[in-house]
Amino acid sequence: MRAVSANFFALILLCALASVFYVWSALENRLERHKRRFSVPGSFPQGLPADLSAKTFRVLLAVPAAQRPHLGGRLEAHNLTDQTVSAGSRDYHVNGDNKRSARREGPVKLGSPVEDGIFWSEWLEDLLPVGFTEEYARAWRERARTYRIVKLEPGCGRISNQLATFADGTKACVRYGINADQVQGETLTYYLASLLGITNLPPLILSQLSGDSEQWAAVRTRIDGLQWSDRAVVSLTEWVSNLTGVITPAPLRQESSGLHPVLGELWNKTTAELLELLQWSDLIVFDYLTANFDRLVSNLFSLQWDSRVMERDTNNLLKTPRGDLVFIDNEAGLVHGFRVLNMWEKYHNTVLSSVCVFRRRTTQRVAELHRRRDSRKRLLELYRDSEPLSPELGFLSDEHAGVLQDRIDRLYKHILHCKGKYSQL
């Protein structure tokens, strides 16, 4: 009888423990759902280092792909003011207002998204704020050249790069190239964007590591530990916070016919979606000219073994809360991209042929560079006038300058082809 009573008591205790476990598990699941619903923008999945808590484009590059949170999805409306941030601010600099932001949401109500055959409509252009304005970029460059760097730490992609903190608390990413091609490519790509009027690239300066440099004096021990060479030329790019990943839009995926003026889906897009496509058209033109394979082209290449690559975030492309694209880490452009052009050219051509809608301003700049055939001269002048260390870093070889002009000519012919095909529609 005692044995039966003991067994009965044990059964009751086991059931009680099971009930407690069940209730605790349910509460834990509800708490987890609550956290996800009200998670702060800077939160990261459990297990990531504490110093990677800020969701910035440079931090994301330092996180292994398997641990990165999914950042894709539809654009959310954010109410931004018309305040202009200082040149030292980490926030993305936009020229916009609440009224303009509100008009981004909802279906197209302001007329056709395309005009004159192949150009994005003027009303769309009016809604897109200038990203990093020339005035803002110039002010940032001037200040960044004089700021003392007080801290270097990981957080800008590969180990050879570092996240620098200036004395005023603002930050920049320092690119120490494995070879000169990387820093040169990043720098010249930035100035080519300026020449084309593309304002999606964060401002950039060059700096020279030196034992007697006041700018680097506070981090000399760290530099020695990194084994960076004295007198090496590095690039510093403004560090921008609060950016998220970007998934390739449907018209530019492999199963689509491309981004063309007669695409019926354009009429069903929200204004925000159209503004993103407008910037994608600039990105594709830009990456074709620079032969940058480390963005959409690499995704296209990866399709042969990863059929869902287009459904994940695009390399080296992020966006602000209001949807303005930011082109980052352009070191594969121009110099290195031209060296390995034979390997990637068929993919560059495929991506370019998928687009026949352009920004009017961009096509005007391309047409001018084609007509004058002076892309080398104009890029060199802009580079030398803007960057005091340009003689130290060097410029494109004659061969690569010729490749750039040839790609400008080919792009111009593609634009003419699109115009001839769609201008009568």
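The points below take up the basis of the model, then a group of strands, then the disulfides.

1. This is a predicted model, in which local features need pLDDT of at least 70 and side-chain atom pairs count only at pLDDT 80 or more, while totals for chains, interfaces and linings use all residues. Residues are numbered from 1 along each chain as its sequence is written, and side-chain values use heavy atoms, with hydrogens and water left out.

2. Strand 9 (residues 313–319) has 5 of its 7 residues buried, so it is largely enclosed by the rest of the structure. Here buried means under 20% relative accessible area, exposed over 50% and partly exposed in between, with a 1.4 Å probe and protein chains only; strands (E, at least two residues) and helices (H or I, at least four) are DSSP runs numbered from the N terminus.

3. Strand 9 runs antiparallel to strand 8 (residues 244–247), to which 3 bridges join it, and Ile 247 has Asp 313 as its bridge partner. Strand 10 (residues 325–327) is likewise antiparallel to strand 9 and joined to it by 3 bridges; two strands pair if DSSP finds at least two bridges between them. Strands 9 and 10 form a hairpin with 5 residues between them, and Gly 323 in the turn has a positive phi of about 100 degrees.

4. The whole structure holds 2 disulfides, each being a pair of cysteine sulfur atoms within 2.5 Å. The sulfur atoms of Cys 156 and Cys 173 are 2.0 Å apart, and those of Cys 356 and Cys 418 are 1.9 Å apart.
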